[in-house]
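Visitor: I'd like to learn how to read sheets and aromatic contacts in a model. Could you walk me through this one?

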Amino acid sequence: MAGVSESCDCGCGAPARSAFSPFVTRSEQVAVQHTSGSHGIEQAVISAGTFVMGDSSGDRNVADGEMPLHRVSLSAFSIDVTTVTNEAFATFVDATDYRTEAEQFGYSAVFHLAVTAPDDDIVGVPPQTPWWRGVRGAEWRRPGGAGSSIDDLGNHPVVHVSWNDAVAYCEWAGRRLPTEAEWEYAARGGIEGAKYPWGDDEVDAGGWRANIFQGTFPTLNTIEDGWATTAPVRAFTPNGYGLWQPVGNVWEWCADRFDASYYLSSPSSDPTGPNIGDARSLRGGSYLCHISYCNRYRNSARSQNTPESSMGNTGFRTVAL
């Protein structure tokens with residue numbers, strides 16, 4: 001059924017939560033008072049405009065629904081120049097006592113080379129993507145599991161946040177998640193039809209331009225770009241609109257439900273995604289994308305996961321209401 005997904009078919013995207021431990025149930029969430037909070041992320045103001053949405057490079061993944069190319073008109077909006085950081089998310093948690101779904105379920109998805117936890121903390125290994133581990137105790141403060149922390153990662157993107165967690169932050173901050181169309185328009189940085197935010201040159205041309213996986217995926221990461229997992233949100237170079245790392249580093253949740261056939265019938269002005277479906281859209285790829293394996297660190301690339309799923313390579317940025 002369109003828009004319904006039990007897992008992400010992208011190698012650098014974690015499977016849905018149910019793939020790890022389908023019998024684990026969440027603990028009760030603490031009630032959160034959603035008052036307007038302090039959102040400390042710098043904004044880029046994107047003027048109203050029209051662009052061609054979808055893949056024009058030929059590197060599309062057919063099952064992801066990157067086609068057909070279609071012209072989209074958008075109203076003006078402002079968007080975070082970086083993903084939400086650990087520091088910003090901590091402000092939200094301190095103000096609300098919010099507990100993420102990773103904390104409620106007691107585990108989250110961690111790439112096997114990033115696990116910092118005893119073997120007893122592994123609650124599941126999905127057979128189709130065995131480089132992922134369900135790790136007990138992995139959450140935004142402990143991205144690799146019990147032996148990790150974010151003590152020196154305040155300016156890194158917050159991870160292990162589900163779509164539901166990102167929406168809770170937005171409600172507190174008086175923000176919302178970007179639509180896929182807004183995200184792609186902003187990621188393109190004003191360069192029409194380009195594969196990447198900086199143009200069509202490959203990510204490793206003349207020095208690394210984004211945080212992806214180097215080496216032999218998924219067993220050997222040579223870390224040529226300097227980062228084994230997340231990089232600081234202002235690493236590398238911003239695009240023409242001032243956005244840092246819209247591709248690579250971490251996947252970013254969007255507001256839309258996911259449907260691979262949506263572009264066939266999406267409206268031409270301010271599309272907001274299909275009205276039905278369980279899965280939510282993800283954009284931008286992550287530090288686990290690889291040149292020869294998962295090429296979803298492109299402007300038009302799309303992925304998906306269930307709204308309660310969380311993983312160590314997914315975060316979010318927000319837009320104004």
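Guide: Let's take a sheet, then the rings. Keep in mind that this is a predicted model.

Visitor: How many bridges join β6 to β7?

Guide: Two, and β7 covers residues 132-136.

Visitor: Now the rings. What describes a pair of aromatic rings?

Guide: The distance of the centres and the angle of the planes. The count here comes to 17 aromatic pairs. Take Y185 and Y241: their ring centres are 6.1 Å apart and the planes are at 70°, and over 60 degrees counts as edge-to-face, so that is what this pair is.

Visitor: Which parts does the pair of Y185 and Y241 tie together?

Guide: Y185 is in helix α4 (residues 180-188), while Y241 is in the loop between β10 (220-221) and β11 (251-257), so the pair links parts 56 residues apart in sequence. Y185 is buried at 9% relative accessibility, whereas Y241 is partly exposed at 27%.

Visitor: Which residues form an aromatic cluster?

Guide: F89, F92, Y98, W140, Y169, W172 and F316 form one.

Visitor: Where does the charged end of R17 sit?

Guide: Over the ring of Y107, 5.1 Å from its centre. R302 likewise lies over the face of Y263, at 4.7 Å from the ring centre.

Definitions and conventions
Residues numbered from 1 in each chain as written. Predicted model: local features only at pLDDT ≥ 70, side-chain atom pairs only at ≥ 80, totals over all residues. Heavy atoms only, no water. Pairing = 2+ DSSP bridges. Helix = DSSP H or I, 4+ residues; strand = E, 2+ residues; numbered from the N terminus. Phe/Tyr/Trp six-rings, centres within 6.5 Å; stacked < 30°, edge-to-face > 60°. Buried < 20%, exposed > 50% of the residue type's maximum accessible area, 1.4 Å probe, protein only. Lys NZ or Arg CZ within 6 Å of the ring centre and 35° of its normal.
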